[in-house]
Amino acid sequence: MFTCFHGNIYIVRYYSYVMKDQNDLWGEERKVVSSRLYRPEFANFTKICESEGKRVNAKLREMIRKEVNEKMGDVLQNG
């Protein structure tokens, strides 16, 4: 992971080579998605993650993937 702070902007680049065998989209450009949540909302979300045994980022990716697949079809199948 490479992080650079410039003024009020963080530039983060993450390189993952272990995901190559686990994800057909490996090598594709990745984008960062973020949101601001109120403390109680985040606390409840982390409780959901813990109850499912998932990290916050993994749960967010799962939720986004589910929403996209429902509305636009499976990204991996449609290419």
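Biologist: Which exposed residues sit on the face of H1 turned away from its buried side?

Modeller: That face carries Pro 40, Lys 47, Glu 50 and Ser 51. Keep in mind that this is a predicted model.

Biologist: OK, and which residues of H1 are buried?

Modeller: Phe 45, Thr 46 and Cys 49. They sit on the same side of H1, because the arc they cover around the axis is only 100°.

Biologist: Why would residues a few places apart point the same way?

Modeller: An α-helix has 3.6 residues a turn, so residues three or four places apart end up pointing the same way.

Biologist: What covers those buried residues of H1?

Modeller: The cover includes helix H2, residues 56-72.

Biologist: How far does H1 reach from its first C-alpha to its last?

Modeller: It spans 20 Å with 14 residues, close to the 20 Å expected at 1.5 Å a residue. Just after H1, Gly 53 takes a positive phi of about 70°.

Biologist: Switching topic: which residues make the nonpolar surface patch?

Modeller: Val 33, Leu 60, Met 63 and Ile 64 make it, and it comes to about 370 Å².

Biologist: Where is Val 33, then?

Modeller: In the loop between strand E2 (9-13) and helix H1 (39-52). Val 33 has a relative accessible area of 65%, so it counts as exposed.

How values were computed. Residues are numbered from 1 along each chain as its sequence is written. This is a predicted model: local features need pLDDT of at least 70, side-chain atom pairs count only at pLDDT 80 or more; totals for chains, interfaces and linings use all residues. Side-chain values use heavy atoms; hydrogens and water are left out. Patches are made of residues with over 30% relative accessible area and no salt bridge: like charges are joined within 9 Å, nonpolar side chains (Val, Leu, Ile, Met, Phe, Trp, Tyr) within 5 Å. Accessible areas come from the Shrake-Rupley method with a 1.4 Å probe; for residues, only the protein chains shown count as cover. A salt bridge is a side-chain nitrogen of Lys or Arg within 4 Å of a carboxyl oxygen of Asp or Glu. Helices (H or I, at least four residues) and strands (E, at least two) are DSSP runs, numbered from the N terminus. Buried means under 20% relative accessible area, exposed over 50%, partly exposed in between (1.4 Å probe, protein chains only). The expected span of a helix is 1.5 Å times one less than its number of residues. The arc is that of the directions from the helix axis to the C-beta atoms. Contact means heavy atoms within 4.5 Å.
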